[in-house]
Structure formats: C-alpha cells, structure tokens
Amino acid sequence: MSLEQQLLEYDRRHAWHPYAPTVGADPVLAVMAANGVRLRLHDGEHRYEVIDAMASWWCQIHGYRNPVLDEALNRQSSQFSHVMFGGLTHKTAVDAVTALVDLAPPPLDRVFLADSGSVGVEVSLKLARQVQIARSAARGGTLTRTRIAALRGAYHGDTLGAMSVCDPIGGMHAMFSDSIPQQIFLPRPPAFAADEAEVETWCSEADEILNFHRDDLAGIIVEPILQGAGGMWPWSPACLRHLCCRANELDLVFIADEVATGFGRTGKLFACEWAGVVPDIIVVGKSMTGGYMTQSAVLCSDEFANEVSRGPGRSLMHGPTFMGNPLASAVTAASLAIISQGQWRDDVTRIADVMSRELAPLGDEPGVTDVRVFGAIAVVQIDTPIVMRRATRTAVENGVWLRPFRNLVYAMPPYICTDDDLRAIAAGMRAVVADQRGAALADAGHRKES
C-alpha cells in the first residue's frame, strides 16, 4: 500500500469531515501540495493538479504560499507563537487592529479579535444583548429586548447562537430547533436588481414583523447583499438600506455579517457599501488572514463599546483563549496590507467579466434555472439536487476543485486567478452541469422503465 493509500485509509477510519457521515461517506482526496491557485491531489491511485475554485471555502484570496504572507508568518514564529491577550498586548495584534480600523468605515474604530466567523457572530449577538442591557439599566427599566431579527435564507455559522439566526427551515440546523434561542425571521429579500414594486412589497412585509416585535428585539443581523451558504443569493441594496433605517428608528443594534462578503468579494471592500450604509457592528473573517490562519474580528464604534463598559458587567463577556494570537494577527496585518493596495478591485471586476462571458451560454441549457455572477462569485443553479460524488469527480477530472451544494454549482476563486484559470474554472463548471443533467435524465429514464 502506497503512502497516499495509507493516509486515505487512516483518514477513512478515524477522521470526521465537515458535513459528512462516518458511514457511507463520499471518498476524500489527499492534498499533496498547494501553490498559487493550484492543488496537487491524490485519490490513492491517480494524481491530479487542479485549480482551487473554492479558495478553500472562500478565504484563500491571495493564493497558496503567498511570499508576503509566508514571510509574515515565519517572522512572527521566530519571535513567539502565542501569548494570552488578557492583560497583555503585542505589536502584531496592534498591527492587525490598526489595519482593520484603517479599512473599516468610520466610526467603526473599536476591534474585538475572535477565533472564527461563527465565534465572531456569537460575539456580535452578545454585544447587541449587552448594549440593550446597558440601555435598559440607564432608563431604570428591566430588559425585555432579547431577540434578534434575521433573514430567511440566512447562514451565520454552526455554533449555538449563530445557528439561532440561520434559516430555521431551509438551513442546516432544523434538528436543533428545540434547543436554540427562538429568533424572529423576516422574508428573504428580493434579488439584487429587483424593481421598486418588489422592494416596496418586501419592505411592507418586513415592517409588519418588526413593528409587531419591536419591544422584543435587541437587533437585526444580515449577510449584506449576498447570502452565502443559504443559496448564493444577491439581494436588493434598497432592502438593506431600509433595514438599517428601521434599526435606527426602533433603537435596534444592526449587525452586518461580512465574514464571507468582506474584503472585496462582492466588488466593494465591504458589501454594505452597495447600499451606502454603516452598521453598528461588522463581523469579518475568512479572507481577513488570506486563508492562512483562523481569525475573525468584530468592529463597532468606540461610543458603542463604551455603552457596554458603562453598563452592568462593564466588560464584553467573551474572552477566547487564542484571542489576538500573534501568528494569526501577523498574517492578518500582512493580508490587509495587500488588500489596501487596491489591486483586488481590478481582479474582482475581471473575474466577474470572464465568468459572466464563459457561463452565459448555460442560461439556455435544459435543466439550468439560473446563472448569476456577482463580483467574484459565479453560480449555476440547476433543477435537481447535486450528486456530490459525481460532481467532485467530474470537476477534478477537468482540472478544477469545486464543492457544490444543494442544487448550486458555484465558484468563489482566489483573486489572483488569471483569465486562463478562470476559463478553466468555467469549463469545469459546465462539465459538472452537463454530467449532472445527464445523470438526472438517465435516472428519470430508469424510473420510467421500472
């Protein structure tokens, strides 16, 4: 048995992969090397070199083995790898905070460093709750505003609080519905290019729910402009503006979960810019470190943070062990320095142009219900659920790594992809769509014969 086969066999027997069973699981591929936008894979018998169209779940925007990020990580590792952030600080954490404050829209100048996107969302929900506790205490009243309004189709993470603001029916967490906080859900907003009538109808429906629950709500959380794992759905900036305005009117904390959309993915540095709004809280993660380390951040105004500090408890009640980790902070500062140079704008525009052109013909294909490209996100929606094993095999055989879900074949590639890389990604997506369509027709024919 080869070393690759031994690795895969041990993995099959002992490792537990995300969103995967341990019985009857689809086979995994071993990564033997990664460089630029390419992965070298092994399935136990064959080697493949593929373009990573997923950017490792949307975070590896600068590519693998980026020399700037490598140097930042190596430099910090030669000094110290971790110290606690309670009562201590260090230059790399301050550098990361500085980079975030420099990029964030004013007045968001207070930064809480966290471990991951889900943890960042947890912190933002706690922060909203503590702000309302402080405001109630200042008025001499008791807290009644404890719930959060979220959107149908939302996905905000897999931890307990984050699960509570994910879509309760169409999301992945319905089995936990009896053990998570019960939140308020607004209808899914209309599409990005929705007309005025569609927007007005949605705003009226949202207002009715918000007004009814106004005394119960502490805040509103959204994935601005693009819902990610809930369906890769770009939605109307007018609806985002309306929600931000209503949050202000109702004295609610407005939270923008920009874990997936932040740092250029939608064509704006932050997706909130599409609507010209600044939320009370922004949560960022994923590409913040260029995909090198796990780190996220929660940003708010200093005035907002001071409300918590003057309220009961005085402190934001969260403190991760690895908060401000020096290795993660060093690579965050380096990644954001690349972002601040602005090349991402041209790259994202170029990605959108190439992918739109290459995928447009699929819009006329049978079984394809929608083709949408938004920033550096390309999606082909089909009318049958994806058969994952077939999809990944077809993609890899066509030189691309894709990880479709539900009925969506999509790509969120690294920004550094060349035009040739992008054309290869689009070709791989077309191959997967064709294979899935063929499999669906064959299955339908088999059922008819039976």
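Arg147 lies in strand E5 (residues 147-151), where strands are DSSP runs of at least two residues, helices (H or I) are runs of at least four, and both are numbered from the N terminus. The model is predicted: local features need pLDDT of at least 70 and side-chain atom pairs count only at pLDDT 80 or more, while totals for chains, interfaces and linings use all residues. Residues are numbered from 1 along each chain as its sequence is written, and side-chain values use heavy atoms, with hydrogens and water left out.

**Arg147**
- Arg147 counts as partly exposed because its relative accessibility is 25%; buried means under 20% relative accessible area, exposed over 50%, and partly exposed in between (1.4 Å probe, protein chains only).
- Beyond residues up to four places away in sequence, Arg147 touches Gln182, Gln183, Ile184, His213, Asp216, Leu217, Ala218 and Gly219, contact being heavy atoms within 4.5 Å.
- Asp215 is 68 residues from Arg147 along the chain, and their C-alpha atoms are separated by 9.4 Å.

**Lys286**
- UniProt, in an unreviewed entry, places the feature "modified residue: N6-(pyridoxal phosphate)lysine" at Lys286; UniProt positions are given in the numbering used here, feature names are shortened, and annotations may be inferred rather than shown by experiment.
- Lys286 sits in the loop between strand E11 (281-284) and strand E12 (296-301).
- With a relative accessible area of 29%, Lys286 is partly exposed.
- Apart from neighbours within four places in sequence, the contacts of Lys286 are Trp57, Trp58, Cys59, Val259, Ala260, Gly291 and Gln295.
- The Lys286 side chain reaches the backbone oxygen of Trp57 at 3.2 Å.

**Helix H1**
- The 12 residues of helix H1 (residues 3-14) should span 16 Å at 1.5 Å a residue, and the end C-alpha atoms are 16 Å apart, which agrees; the expected span is 1.5 Å times one less than the number of residues.
- Glu4, Leu8 and Asp11 of H1 are buried.
- They cover an arc of only 60° around the axis, so they are on the same side of H1; the arc is that of the directions from the helix axis to the C-beta atoms.
- Leu3, Tyr10 and Arg13, on the other side of H1, are exposed.
- The cover over the buried residues of H1 includes strand E1 (30-35), strand E2 (38-42) and strand E3 (47-52).

**Nonpolar core**
- The largest nonpolar core has 117 residues, and those with the most contacts inside it are Leu100, Phe263, Leu402, Ile425 and Met429; such a core is a set of buried Ala, Val, Leu, Ile, Met, Phe, Trp, Tyr and Cys residues joined through side-chain atoms within 4.5 Å.
- Helix H5 (residues 117-138) gives the largest share of this core, 7 residues.
- Residues touched by Leu402, not counting those up to four places away in sequence, include Ala53, Met54, Thr392, Tyr410 and Met429.

Methods. Polar contact = N/O pair within 3.5 Å; in protein donor to acceptor, adjacent residues only side chain to side chain.
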